[in-house]
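This report covers salt bridges, surface charge, loop contacts and backbone geometry. Please look at the model first.

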Amino acid sequence: MDNSMAFVIDGSKILVTPFSLSLMPPPLFFFDLEFHCAVRDMAFCSKISQNQLAASLSDGSLCIVELPLIDQWDELEGQTFKVEALYPGRDYGSLLHLAWLNSHVLLSVSHFGFAHSNCSKRTTLDGDVRPGYYLQELEIRCSEDRIPGSVTCSGWHAEIFHQLYLEGVVIGIAPNPLTKYSAFLQFDGGKVFEYMSKLALNKAVGLQRCDDMFFLSSCPWMNIVPVRAYAQEKPLVFGLDDNEDYKLREGYCVTTAIVFHFTQTLVMG
């Protein structure tokens, strides 16, 4: 409960509430982040000395915010922080899904299509023009000096350093809580694959299908939690489908769920 937080996507805003400082339930909030258009997806990364939030917007923009340590949030109450979009070093397409691999590397699922401006001139890292869905690793850095205890809403940059074409539509992505530089992707239909970053030393890069982790139908809202089985921790996948049925791997767990959360972060949209 000490570090529990709620993030509520409300149009072009993200409403933030730290439950350790305030028990006000959504739609009430402690402070809010304001963007120039509607928020499509968000991902939050909390480390010992850093709290970072990434948001993809409806116009394809990417925004990064660094929040101070939770014990410095008292002065943030009631404030609105306007967040600037990043200027990309390379076009990263329309960002659909986000997940942090660490505090400096963001994993994204992006779409490049002919309806997107200048698609015919766009190239991948390999130099080929190919509309479709891509998995991209973005290095995130800030050019501004961060002031301790403040919210950093500008000065962020993103550079693509790895890109993988996807044979299908990804509807959900979640970081692996047990393996560094790893994440799980769910494709339309419920199939789940594990992705291993090129930053993971001595491990193969790419997608590997998880035959023991899948859903019988698509679950756009997905999360991974560690569970202990036979003295060993393993990742367990949960999902919420469009009918608000809560699914556990290939079976049903709970029905008519509205929101689900694990670890210490609650996200609503």
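## Salt bridges

Asp32 and Lys13 join their side chains in a salt bridge, at 3.8 Å from N to O. The term requires a side-chain nitrogen of Lys or Arg within 4 Å of a carboxyl oxygen of Asp or Glu. The pair links distant parts of the chain: Asp32 lies in strand β3 (residues 31-34), Lys13 in strand β2 (residues 13-18), 19 residues apart. Asp32 is buried, with 2% relative accessibility. Lys13 is partly exposed at 30%. Buried means under 20% relative accessible area, exposed means over 50%, and partly exposed lies in between (1.4 Å probe, protein chains only).

How many salt bridges does the structure hold? There are two. Arg209 and Asp211 also meet in a salt bridge through their side chains, at 3.5 Å from N to O. Arg209 is partly exposed, with a relative accessible area of 45%. Asp211 counts as exposed at 59%.

## Model and overall build

This is a predicted model, in which local features need pLDDT of at least 70, side-chain atom pairs count only at pLDDT 80 or more, and totals for chains, interfaces and linings use all residues. Residues are numbered from 1 along each chain as its sequence is written, and side-chain values use heavy atoms, with hydrogens and water left out.

The chain has 20 strands and zero helices. Both are DSSP runs numbered from the N terminus: helices are H or I with at least four residues, strands are E with at least two. Of the 269 residues, 49% count as buried. The chain exposes about 13,600 Å², and carbon and sulfur atoms supply 50% of that area. Accessible areas come from the Shrake-Rupley method with a 1.4 Å probe; for residues, only the protein chains shown count as cover. Take contacts between residues at least 6 apart in sequence: 48% join residues at least 24 apart. Contact means heavy atoms within 4.5 Å.

## Negative patch

Asp71, Asp74, Glu75 and Glu77 form a surface patch of negative charge. Patch members have over 30% relative accessible area and no salt bridge, and like charges are joined within 9 Å. Asp and Glu count as negative, Lys and Arg as positive; His and the chain ends are not counted. The charge is placed at CG of Asp or CD of Glu, and at NZ of Lys or CZ of Arg.

Glu75 sits in the loop between β6 (62-67) and β7 (80-82). Its relative accessibility is 69%, so Glu75 counts as exposed.

## Loop residues

Arg146 belongs to the loop between β10 (132-142) and β11 (156-166). Arg146 is partly exposed at 35% relative accessibility. Which residues does Arg146 contact, leaving aside neighbours within four places in sequence? They are Gln50, Glu66, Thr152 and Trp156. Pro68 is 78 residues from Arg146 in sequence, yet their C-alpha atoms are 9.8 Å apart.

Ser58 lies in the loop between β5 (51-57) and β6. Ser58 is partly exposed at 41%. Not counting residues up to four places away in sequence, Ser58 touches Cys37, Ala38 and Arg40. For Ser58 and Ala38, the C-alpha separation is 5.5 Å across 20 residues of sequence.

## Backbone at Tyr181

Tyr181 is not a glycine, yet its phi is positive, about 60°. Tyr181 occupies the loop between β12 (170-175) and β13 (182-187). At 15% relative accessibility, Tyr181 is buried.

How values were computed
Patches are made of residues with over 30% relative accessible area and no salt bridge: like charges are joined within 9 Å, nonpolar side chains (Val, Leu, Ile, Met, Phe, Trp, Tyr) within 5 Å.
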